[in-house]
Structure formats: C-alpha cells, structure tokens
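Here is a quick walk through a two-chain model, starting where the chains meet. Have the structure open as you read.

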Amino acid sequence: MADAVLTVTYTGPQVSFQDGGRRGWMRFGVPASGPMDRFAHAAANRALGRPAGATAIEVSMGGLSLTCESGTVSFAVCGGGFTLDHAGARVEGWVVRTLSAGESLTIRAGKWGSWCYLAFAGEVDAQAWLGATATHAISQFGGGALTTGQRITLRNAEATPSREGPLPAPPLPDPNARQPVVPGPQEDRFAPGALDTLTREPFTVTPAYDRMGMRLDGPELPLADALSIPSEPTLRGSIQVAGDGVATVLLADHQTTGGYPKIATLVSTATDALVQARAGDKVRFVAVSPDEAIMRARRDLATRQAWLDEIAVPRGSLEDRLMRANLISGVHHGGDE
Amino acid sequence: MSGWPRYRAVADHALLVSFGTEIGDEMSAQVLALDAGLAQFTPAGVIEWVPALVNLLVDFDPEATDHRTVQGEIERMLANPVRTDQQGQERIIEICYDAAFAPDLEAVADAAGMTTEEVIRTHRDAAFRVRMYGFAPGYAYMSGVPEAIRVPRKSAALRDVPAGSVIIAGPQCLVTTLTMPTGWSIIGRSPTPILRSDAEDPFLFDVGDHVRFARIDRDTYEARMAERGDG
C-alpha cells in the first residue's frame, strides 16, 4: 500500500473534512461538529471497510472536482441523490469505485439531498483539533474547508475491486414522513397553541441554512412573554425560536448554549433526514414522548447497523465465505479436482 | 409548582437538570456540585454534560441508557453529595486597555459618567467568575462586571472584532477567541491564550474558575504576542 495524492480542481462552498465528530467538549463551547448526515457518512466509510467515524469529505450542493495525481484508491460516495462523473462514466451515488492516477472525479448535486460524503480506502491526511478532524465551520478548527488547488494525501491507499459497484438500497425514511420531536424543554414559554402549530402545519426550509442551523419559514410560533430565559445548553436538533417567532433547527456546528426558548427537540436519528432537505422543501413535525423517542432512535440505529454490517462485507469475497462455511459444515464434497 | 431541581427529558438523548431561575452564586454552587459529582461517578451511558447558569444538561447514548435511569442516578448523587473542591481555580488574564484595542471605552465612560481611566480601574479591580461557556469554542461567559460600568448590548454589531478582545455587556464579560462580529462593548485586548495547544488541557479555565485581570501596556502586549508566535 502506498500513498495516493489528489488535487482539488474545484470546490463549492461548505465542502469540508469531517470525521465522526468530537465529543466531550460542549462544556467549553465546542459542539461535536462531524457530518451533517451521520448515517450517510458512516455508510461511505463502512462500504470501504473503514471505521464508521473515519475522516471523509462532506460535499455540499456546491459540488467538488478532484484529479488523482498519483496512486490508486477506492472511494465511496453516499448521501442524498448526488451524481458522479468519473473516468468518462456518469453514475449515481451510493456507490464504490476506484480512482487511478490521471483520472478525475466530479461530484454534483443530483435529484435530491444537500450533503454527500466522499470516503476513501486510505487514511485522509487532515488536521486534527481536540482529537478529531471534524471541521467546525465558523472557526475552521479541525480539518477545515477544502480550497481549489489543495492537495489531499491518502495514506496507505488501496484499491479494493471486491467492493466496487452500487450499494444495496439504504434504509432511508420516507421523504414525506414527519420528523419526530420531543416537546420542550421550554414549550411552556410559548403562547397557547404554538406546539400544536409546530406539529400541525408544514414549515419551509429557507436559504438561511448552513452547518450551524436551518431557519424555517412558516406560521409564527409566538412566545408567551418577551422575557428571555437564562442561557442554557443547546443540542443538535434543538428547535429554538427567536423573538420574531421564527424557528431555527440547530445542527452539527450549533452554539452550545443560548438564550432563546426551545419549543421542541428532534429525535437524534431524525436529524440525518432533515439535513438532506433543500431550501423550498417542506418539513413536518410530529410530537412523540421521550420513551417513544428512545424507542425510535434504538430501532433506527439497529436498522442502520444491520445495513452497515451488510455493506461492510466485500461482495467479491462472498463466494470465498460460502466456501469456508461449507467446508466447516462438511457440506462441501467436491475434493477431487 | 413542583420543587427544585426539575428534570426535563430532551429528545431521546439528554436530560436537563434545572436548579432555579435566578442567576447567581447559589445557583452556580448547585450546578458545580452536580458537575463535580458527575465527574467523579459518571453514570453508565453518559457521554458528556454541560454546566450552565441555572442548569446542567446531561447528554447520553440512547442505546445504552434512558432518561429515567440517568435521572435516578442524579437524584442519588444529589441526595449524597460528594465532597469536592468546587471553588474553582484562580486565573489571571492580562489585558491591554490601549485606545487602539478599546474602541468602546469612551462610550462606556460616557454612559458611566466616569473618565476612561476610572472605567479601566473599575474593570481591572473587579472579581470575575466563569459561569458558562457558549457561542463558540472557548467563549467563557464571566459574571462580575461592577454595577457602575454595566452597559447594555449595542444596537448594532461590529464586524471582524479580533480574537483576544475583552468585551462587556450587562454583568457579563468575556475574552473572545475567534475573529467574529459582536454587539458587546470592546474595552481592551488580551494576549493570554484561552485556547491552548496543550492537548490534555486545551482551555485555560473551567466553569467555576475565578478570574482577575492584570493590566499591561502596549509594549508588553506586543512582546507577549511575539512570544506566542501565533498572533
């Protein structure tokens, strides 16, 4: 195994290195950051047999073009419905292919989705901060945003032909499904009916959408009084409402504390679907109890894990594995040749 | 009305423990006691927790535990508090009040009916305490701005305020760590690194620490920045 070197020939805004995120630093004002869509990020890595939280490139709708200067490396693209142009072929995402010296790869927004992940069968050489390469966008701490002309080195890069090809259909939720939220913790600071409005009416994703949060357009969610709460911790998935009655969903690079009341908080696994919405898309919410929220999260995580385990197995070696299983069970009798 | 503390389930993965509504030393003491308790006996499945002004948020792995279990552990912890040093460390922050670093010093002086030198002395002699981090990495909100020099947020934010700026609004003071816009009043600049390269202990202070400012002149400030090598 050797290094592979890529050059960024074009990058849209908000394209950055992201590993699984840094945990344990919120008390110092540092959110986890990491992928906006954590499931798609894990999928891109596991499809190559890499750890789920390995460093990958988060690609925005702005897209990304790379040229391979030297070496050979397999890559995976997962998340949303992005399109790839690679070595003269146009293919859809949720795929594994191999990039060789002299070839170019372009990833562009396709039919749906705001973010996809480009992972490699090799270690991405990216700057770590507090033990993680996840990029915190406003500070640019961590691996940082990609820039045109930048060279990316992949250590111990390898080609894994046995993994190439489209992945089986991922277990993604129905795009029209309501996003589950647990009311609060400050739903009682809103005018009567505000929580009903949140869970009854559709909201529209606005262009004010980045890694910190997603501003929603929709019916006003009026506060009961003008008093602000003492600033308190916030989370990825907190739906905070400013004095103007407009809701913002906090996301990967959220502020760790804030003084706006939170009417509800998204179930953790639901944020992955929400972040794939684009400006203009409609979002609907449904209130669930804390127990129901845990049940849903556990069910989602189990479903995802089963699929991630499935794609982590190189398909080319399936025959070998069956052969092994047969030998062990004694079913294999063809020992003459 | 139920008594305090109050527990609120947040989504599928967090529990908010609130001790009251009035910001002050009494609230801080309760938040810090729970903070210390969690550090000493972290319940299974708890990933991290965030102490704030009147409450503390516990974030956990929903596959490993649940709100009820975490709440039970915290109730036991609060019933049998651990004896810890929750007084916090003493920290000294150097500050240069040079006019070039303090574009709002005159306005604060006008509002307070003082000379700029009196504002500087009042700020320099005050005792501050880190109550909470927030907004951005290393933004430590300190209480302790003396009544006499308290000013509200400005109506318009100033863009590109350099990292290291010492800013005040109401009773709060903080030293910025990033170049960012702010609507707070800028009264000086500090060369003291708050984000440090020490991987084990990357932040200068923790919630609960006591902070005092030490005045330095412009030459000393420049010398400190040259020593840092990253300014």
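Which residue of chain A forms a salt bridge with D206(B)? The partner is R27(A), and the closest N and O atoms are 3.0 Å apart. A salt bridge here is a side-chain nitrogen of Lys or Arg within 4 Å of a carboxyl oxygen of Asp or Glu.

Before going further, some ground rules: this is a predicted model, where local features need pLDDT of at least 70, side-chain atom pairs count only at pLDDT 80 or more, and totals for chains, interfaces and linings use all residues. Residues are numbered from 1 along each chain as its sequence is written, chains are lettered from A and ligands numbered from 1 in the order in which they are written, and side-chain values use heavy atoms, with hydrogens and water left out.

**Where the chains meet**

Between chain B and chain A the count is 6 salt bridges. The rule also finds 17 residue pairs in polar contact across this interface, both residues being at pLDDT 80 or more. A polar contact is a pair of N or O atoms within 3.5 Å; within protein, one must be able to donate a hydrogen and the other to accept it, and residues adjacent in sequence count only if both atoms are side-chain atoms.

In contact terms (heavy atoms within 4.5 Å), 44 residues of chain B meet 40 residues of chain A. The two chains bury about 3,500 Å² between them, 64% of it on carbon and sulfur atoms. That buried area is the accessible area (1.4 Å probe) that two parts lose on being put together, summed over both.

**The sheets**

In chain B, 7 strands form an open sheet with mixed pairing, in the order β5-β13-β6-β7-β10-β9-β12. β5 (90–95) and β12 (185–189) of chain B each have a single partner strand, so one side of each is left without a neighbour in the sheet. Inside that sheet, β6(B) and β7(B) run antiparallel, joined by 4 bridges, and V130(B) stands opposite M142(B).

Chain A also has an open sheet of 7 strands, this one antiparallel, ordered β7-β6-β9-β4-β1-β12-β11. Its edges are β7 (89–92) and β11 (123–124) of chain A, each with a single partner strand. Here 6 bridges join β1(A) to β4(A), with T7(A) partnered by T67(A).

**Local details**

Within chain A, R211(A) and E58(A) meet in a salt bridge at 2.8 Å, N to O. This pair links distant parts of the chain, 153 residues apart.

Most residues other than glycine have a negative phi, and most peptide bonds are trans.

| Peptide bond | Omega | Where the proline is found |
|---|---|---|
| G184(A) to P185(A) | near 15 degrees | loop between β14 and α2 of chain A |
| W4(B) to P5(B) | near -5 degrees | segment before β1 of chain B |

S33(A) has a positive phi of about 50 degrees although it is not a glycine.

**Confidence**

Over residues 330–337 of chain A, pLDDT stays under 50.

Notes
Two strands pair if DSSP finds at least two bridges between them. Helices (H or I, at least four residues) and strands (E, at least two) are DSSP runs, numbered from the N terminus. pLDDT is the predictor's confidence in each residue, from 0 to 100.
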